[in-house]
Amino acid sequence: MSAAAPRAVRVRVPATSANLGPGFDTLGIALAYGDDLTAVTRTEPGATVVVTGVGEGEVPTDETNLVVRSAAHVYERLGRTLPGLNLSATNRIPHGRGMGSSGSAIVAGVMIAAGLLESDPVQPLELTETELLAFATELEGHPDNVAPALFGGLTIAWSTEQGPQFKRLMVHRGVSPLVLVPSFTMSTELARSLQPKQVPHEDAVFNVSRSALLIAALTQSPELLMQATEDRLHQDYRGDAMPATRDLIRELRAAGHPAVVSGAGPSILVLSSGPAERLAAADLVASEHPDWRVLILAVDTKGATVEPIPA
């Protein structure tokens with residue numbers, strides 16, 4: 001019997017920013033800045049990974065690579081065995097900077113699995129959005145980064161007894177994201193460990209009100225973004241661990257720019273209400289803090305994509 005013909009898929013997955021200030025572990029947004037990957041099946045088991053760009057020479061290049069492990073997880077959960085893979089990745093999302101790099105790697109693996117399963121010549125299978133989110137959340141631990149990476153736009157994510165759920169919303173066309181990336185990194189585990197297990201009642205109420213306002217600001221009324229991005233739940237507790245981030249956020253907000261910690265940090269997300277305001281924030285950082293990388297980005301509206309290509 002001849003060996004099965006190789007199959008190949010191409011995947012693109014966007015960067016994300018979670019929390020958005022008050023929406024801790026709930027809100028996330030997809031950014032038009034991402035990683036491109038190609039996976040080709042082979043007869044030999046295991047995986048060979050070639051990385052170009054971010055992570056080159058640093059991330060594993062065998063089956064222990066997070067993308068490959070994520071694809072294998074999907075196959076395992078479905079009672080199947082992931083075929084051997086040759087994987088090539090062109091990475092742009094900074095690692096350890098609060099732009100969802102690990103969540104995006106997980107989503108990339110899930111989407112590779114989805115694409116290969118759909119084109120399986122013996123037993124094709126199409127995964128649902130619910131299954132994609134469930135598999136990604138099992139690996140990531142919480143859905144606030146993987147939901148926007150999967151589905152694009154602004155997402156609200158929550159957990160139920162039936163598993164993780166999401167609602168995707170369209171972002172107002174006036175919202176103009178700006179991401180500021182420092183040279184230093186921040187551990188998500190460390191950032192989360194700095195938060196108290198309990199917070200004052202008035203702080204909880206404050207964040208509930210701001211989270212509700214933030215949905216309105218991002219979808220209907222960008223002029224409210226400054227008030228809507230106020231937070232008392234997590235950013236202040238993490239500030240001492242990344243003082244440069246804390247201080248630049250304070251400087252930006254004092255100048256009228258809605259700046260927040262991007263994910264667990266240390267990058268900063270500025271949710272400007274229009275291109276002119278965004279440009280002013282970018283100019284401020286470029287002139288006063290040239291060591292920070294300035295990324296002028298759009299909201300990604302597609303989320304992760306997968307398509308078959310010639311092997």
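In helix H1, the buried residues are Val67, Val68, Ser70, Ala71, His73, Val74 and Tyr75; buried means under 20% relative accessible area, with a 1.4 Å probe and protein chains only. This is a predicted model, where local features need pLDDT of at least 70, side-chain atom pairs count only at pLDDT 80 or more, and totals for chains, interfaces and linings use all residues. Residues are numbered from 1 along each chain as its sequence is written, and side-chain values use heavy atoms, leaving out hydrogens and water.

What do the buried residues of H1 pack against? They pack against strands E2 (27-42), E3 (47-53) and E4 (84-91), and helices H2 (101-118) and H3 (129-140). Helices, of at least four residues, and strands, of at least two, are DSSP runs numbered from the N terminus.

Next, a pair of helices. H9 (residues 243-254) and H10 (residues 275-288) pack at about 135°, with axes 11 Å apart. The two are therefore oblique, the class left after under 35 degrees (roughly parallel), over 145 (roughly antiparallel) and 65 to 115 (roughly perpendicular). From H9, Leu248, Glu251 and Leu252 make the contact, and from H10, Ala281, Leu284, Val285 and Glu288; contact means heavy atoms within 4.5 Å.

Last, alanine 264. Where does alanine 264 lie? In the loop between strand E8 (259-261) and strand E9 (268-272). Alanine 264 counts as buried because its relative accessibility is 11%. Its C-alpha atom is separated by 8.8 Å from that of glycine 96, 168 residues apart along the chain.

Methods. Axes fitted to C-alpha atoms, helices over the stretch in contact; angles between N-to-C directions. Buried < 20%, exposed > 50% of the residue type's maximum accessible area, 1.4 Å probe, protein only.
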